[in-house]
Amino acid sequence: VTLTRRQKWRIEKIHSERIARSNRASKNSENIDLHSTQEIKGRVITRYGQRQLVESIDKQLYQCTDRRNIGLSVAGDKVVFQKTDNNEGVVTAIQPRTNELKRQKKLIAANIDQLWLVVALEPHYEFELIDRYLIMAENENLPINIIVNKIELAKNLEQVSKDFSIYKNIDYQVHFLSVKEEHNLDSLKSSLSDKTHIFLGQSGVGKSSLINTLIPDLDLRVDEISTKTKLGRHTTTNTTIHHIPSGGDLIDSPG
Ligand SMILES: Nc1nc2c(ncn2[C@@H]2O[C@H](COP(=O)(O)OP(=O)(O)OP(=O)(O)O)[C@@H](O)[C@H]2O)c(=O)[nH]1
Ligand SMILES: [Mg+2]
């Protein structure tokens, strides 16, 4: 459906009124039960089809649908929602985003502080793919660093290090690590202790495995890469936020 200018204007107006109302509501309710207010503020943890999981500011999870015509919210979006049932709600407004992360023009996450491109020795990294991610990040003005995983599989570590020196020389952080052997995880851990980080990269490089190591009780699904093609099997299907108990949010994304 294409909307007329007037319809668009009305939708935007209603939208900003809802945000203003929730701002007033949360100001008035600082010491009162948060659920007694009609419009609650939250953050989208993940979207799956027409539904999304929203975490309220008091850390409760709600399955939500969308009010029509407000656009699709994605992981990281700050939203306003109305409670309908015990753990259900309707998202009525999306707060303005500080940034948007897109893949092939499709929005995958919003309000991200740091991108991490994960590559590996298997499937073997390719410069063209690395450069594509770096360009995307630069275009969106988002900071990005590189993680080279499965380093224990390297036959020539010196060559691997040389391959990534070009990126180090232009000031990208490069972390060489092995999730499997828990090698070199500490310096990465300290970079993740606050803010919202997203892990991007090809299927099978170990994004979910890495997040499982960083958040021990999580148990995200991981799957072996094909022995024949050395490619991943697209195991992760939804872009989802996970909290590190001591601080910091990690977003897993499908490769
Ligand atoms: N040898 C080796 N294998 C690893 C390492 N880290 C992860 N793996 C394996 O790599 C495979 C793929 O890992 P996943 O974590 O599912 O990869 P992913 O990037 O999340 O893949 P998608 O969800 O499909 O995008 C699994 O079999 C992991 O056990 C590592 O450091 N070394
Ligand atoms: Mg995964």
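Which residues of the largest nonpolar core touch the most other members? In this predicted model, they are Leu101, Leu115, Ile130, Ile146, Val148, Val160 and Phe164, within a core of 33 residues.

**Nonpolar cores**

- Leu101, when residues up to four places away in sequence are not counted, touches Lys106, Leu107, Ile108, Ala109, Leu115, Met136, Leu142, Ile198 and Leu200.
- Apart from this core lies another one, of 18 residues, which includes Trp116, Leu188, Phe199 and Leu214.

**Annotated domains**

- An unreviewed UniProt entry places the feature "domain: EngC GTPase" at residues 110–255, and over that stretch the chain is 27% helix and 21% strand, with its end C-alpha atoms 17 Å apart.
- UniProt, again in an unreviewed entry, lists "domain: CP-type G" at residues 98–255; over those residues the chain is 25% helix and 24% strand, and the end C-alpha atoms are 24 Å apart.

- Ligand 1 taken alone exposes 660 Å², of which the protein buries 89%.
- Lys150 is found in the loop between S9 and H3, where it has a positive phi of about 65° although it is not a glycine, and with a relative accessibility of 17% it counts as buried, because the limit for that class is under 20%.

**Helix H5**

- Helix H5 (residues 207–214) has six of its eight residues buried, so it is largely enclosed by the rest of the structure.
- The buried residues of H5 are Lys207, Ser208, Leu210, Ile211, Asn212 and Leu214.
- The cover over these buried residues includes S8, S9, helix H4 (186–191), S11, strand S12 (240–243) and strand S13 (249–252).

**Two buried polar residues**

- Asn149 lies in strand S9 and is buried, with a relative accessible area of 4%.
- A polar atom of the Asn149 side chain lies 2.9 Å from the backbone oxygen of Val205, and, not counting residues up to four places away in sequence, Asn149 touches Val118, Val119, Ala120, Leu121, Leu177, Ser178, Val179, Val205 and Gly206.
- Arg18 is found in helix H1 (residues 5–28) and is likewise buried, with a relative accessible area of 12%.
- The side chain of Arg18 has a polar atom 2.8 Å from the backbone oxygen of Thr92, and, leaving aside neighbours within four places in sequence, Arg18 is in contact with Glu39, Arg67, Ile70, Val80, Thr92 and Ala93.
- Arg18 and Ile144, which are 126 residues apart in sequence, are 34 Å apart in space from C-alpha to C-alpha.

**Backbone features in loops**

- A cis peptide bond, with omega of about -10°, joins Glu122 and Pro123, and Pro123 lies in the loop between S8 and H2.
- Lys59, which lies in the loop between strand S2 (51–56) and strand S3 (61–66), has a phi near 70°, a positive value in a residue other than glycine.
- Lys59 is exposed, with a relative accessible area of 56%, whereas Lys150, with its positive phi of about 65°, counts as buried.

Methods. Residues numbered from 1 in each chain as written. Chains lettered and ligands numbered in written order. Predicted model: local features only at pLDDT ≥ 70, side-chain atom pairs only at ≥ 80, totals over all residues. Heavy atoms only, no water. UniProt positions renumbered as here; feature names shortened; annotations may be inferred. Helix = DSSP H or I, 4+ residues; strand = E, 2+ residues; numbered from the N terminus. Core = buried A, V, L, I, M, F, W, Y, C linked by side-chain atoms within 4.5 Å. Buried < 20%, exposed > 50% of the residue type's maximum accessible area, 1.4 Å probe, protein only. Contact = heavy atoms within 4.5 Å. Areas by Shrake-Rupley, 256 points an atom, 1.4 Å probe, with all protein chains shown as cover. Polar contact = N/O pair within 3.5 Å; in protein donor to acceptor, adjacent residues only side chain to side chain.
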